[in-house]
Amino acid sequence: MRSTPGPRVRSTLAALGALVLGLTTAGPAGAAGGAPAVPTDLYSGYRACAADPAAATWVNATNGVLLMGIPSHPDTAELRYIGEEFEFWPVADPARTTTLVSGTVPNGREGGVTVQREALTEGQAYAWRARTVAGGESSAWTAPCHFVVDNTRPARPPVISSSNYPADTWSPGGRPIEVTLDPAGVEDVGGYVFSWVGSLPVVGGVSIGERGIPTPIDSYETSTSYLIRAAGPGLPTTVRLLPPGGSGMMRLTVASIDRTWSRSATTAEYTFYANSTAPQIRQLVAEPQWGETVPFKITANPDLPPEARVTEYSVEIYDGRGTRKETVKPSATGSAVVHLPLNGQYVTRLSVSSTSANGWVSNQNQWTSPYTDTTPTVTSQVYPENDFGGGVGVTGTFVLSPKVPGVTSYRCTFDGRPPVTVPAAADGTARLDWAPEYSDLQGLDVTPVLANGLELASYYYSFWVA
């Protein structure tokens with residue numbers, strides 16, 4: 001990601017010798033004490049000054065090239081703002097020098113000028129130097145810095161191959177993919193940007209620190225999740241990458257990056273397939289009852305290679321009201337036991353994936369509780385369901401019966417009235433007597449309750465009072 005410095009003074013080209021300085025001083029020229037210092041912290045396009053012409057900085061000049069340095073004068077009280085003068089020239093023609101001036105630079109802070117793209121030639125080497133102008137005096141010139149203009153991005157993407165995951169082929173999972181990237185004849189490739197989701201991130205950047213000094217970011221060191229440094233200009237590069245998912249189709253998208261952080265015009269894609277490496281889930285209780293907490297044994301996928309020893313299991317438990325997540329460490333044998341409470345109101349789902357010592361993350365395996373109707377059965381001879389019966393003040397008996405064992409009571413609510421609890425007999429059935437106070441469509445909501453207080457799925461019984 002590119003960090004943008006604060007507003008800077010942009011200077012226009014001037015003929016050699018035509019020097020215009022806008023200096024802020026507190027008195028006449030020469031009144032300030034001390035002498036201007038030679039600028040320090042020199043940068044070409046946010047990259048540190050290259051004093052050696054043979055090791056010139058490569059820069060993309062599509063938006064011009066910013067030349068930077070810190071001018072200073074010891075009299076900071078009187079000279080809060082000073083000037084900075086720059087000269088640049090083609091290395092092949094030193095006599096063709098151009099002068100650029102920044103006239104109001106905060107004393108002791110980074111200042112700069114922009115060499116416009118139109119003043120630069122593709123592939124041309126340039127040199128530049130700077131000096132401080134303050135209090136009617138000028139410092140000595142800095143030693144020259146050198147840069148080369150490269151506005152051409154790589155013409156071709158890399159060629160991708162893999163030794164352990166052949167293209168468009170199913171292969172055993174559990175190992176990082178060994179990827180070889182060939183620059184396809186592009187000689188100035190410095191690295192590669194990759195993605196598992198198709199779109200590629202923005203690369204390259206700089207941070208601006210104290211006194212406005214830029215610090216180029218070595219993204220190859222800080223952004224290893226999407227950047228690969230090339231083995232050398234024009235050389236194939238082999239790396240090991242972890243796919244983001246544990247099985248199925250994988251697609252790796254890659255673009256080449258040159259020495260100026262320009263990305264290739266097109267990208268390359270490599271598709272392969274990995275077999276499932278999901279853990280195994282085994283229910284340890286054959287016929288659990290609703291409300292019971294059931295143990296499940298988790299074991300590693302037997303097809304994982306030896307170097308993919310499982311170090312932890314990621315467990316998700318969903319019960320209809322939300323998802324609970326936890327991490328479980330395996331035992332010495334590589335297995336783990338998790339406990340899953342079965343809730344009669346909702347289908348319960350257990351999802352498990354594994355993480356291996358080599359970083360491999362498997363796909364999930366799932367166990368889902370079978371659907372069981374835990375609603376009660378409600379009947380009444382006086383007030384039949386969805387029909388007319390009884391009358392105001394006429395007592396009717398409602399018979400409540402369970403569909404699953406273990407019900408010890410029922411929580412019952414007639415429309416708009418406080419709930420009542422009706423104890424169940426040993427066989428789980430119960431009887432509720434009730435006389436309506438008005439004639440209309442009415443309803444009874446019945447919820448079975450287990451001995452441990454767990455409420456099962458409720459049933460709404462509607463009827464008409466004659």
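These legends describe close-up views of a predicted model. Residues are numbered from 1 along each chain as its sequence is written, and side-chain values use heavy atoms, with hydrogens and water left out. Local features need pLDDT of at least 70, side-chain atom pairs count only at pLDDT 80 or more, and totals for chains, interfaces and linings use all residues.

**View A. Thr 355 in strand E26.** Strand E26 covers residues 349-356 and includes Thr 355. Strands (E, at least two residues) are DSSP runs numbered from the N terminus. Thr 355 has a relative accessible area of 19%. That makes Thr 355 buried, because buried means under 20% relative accessible area, exposed over 50%, and partly exposed in between (1.4 Å probe, protein chains only). Neighbours within four places in sequence are left aside here. Thr 355 is then in contact with Arg 309, Val 310, Thr 311, Glu 312, Trp 360 and Val 361. Contact means heavy atoms within 4.5 Å.

**View B. An open sheet of four strands.** The strand order is E2-E1-E4-E7, with antiparallel pairing. Strand E2 (47-48) and strand E7 (111-115) stand at the edges. Each has a single partner strand, so one side of each is left without a neighbour in the sheet. Two strands pair if DSSP finds at least two bridges between them. Strand E1 (residues 37-44) and strand E4 (residues 65-72) are joined by four bridges. Thr 40 has Ile 70 in E4 as its bridge partner.

**View C. The salt bridge of Arg 175 and Glu 307.** The structure holds 15 salt bridges. A salt bridge is a side-chain nitrogen of Lys or Arg within 4 Å of a carboxyl oxygen of Asp or Glu. Arg 175 and Glu 307 form one at 2.5 Å, N to O. The pair links distant parts of the chain, 132 residues apart. Arg 175 sits in the loop between strand E12 (170-171) and strand E13 (177-182). Glu 307 sits in the loop between strand E22 (293-299) and strand E23 (310-318). Arg 175 is partly exposed at 35% relative accessible area, and Glu 307 is partly exposed at 37%.

**View D. The salt bridge of Glu 455 and Arg 411.** These side chains meet at 3.2 Å, N to O. Glu 455 lies in the loop between strand E34 (441-450) and strand E35 (459-465), and Arg 411 lies in strand E31 (residues 407-414). The two are 44 residues apart. Glu 455 is partly exposed, at 29%. Arg 411 is also partly exposed, at 27%.

**View E. A salt-bridge network.** Asp 150, Asp 188 and Arg 259 are linked by salt bridges in a network.
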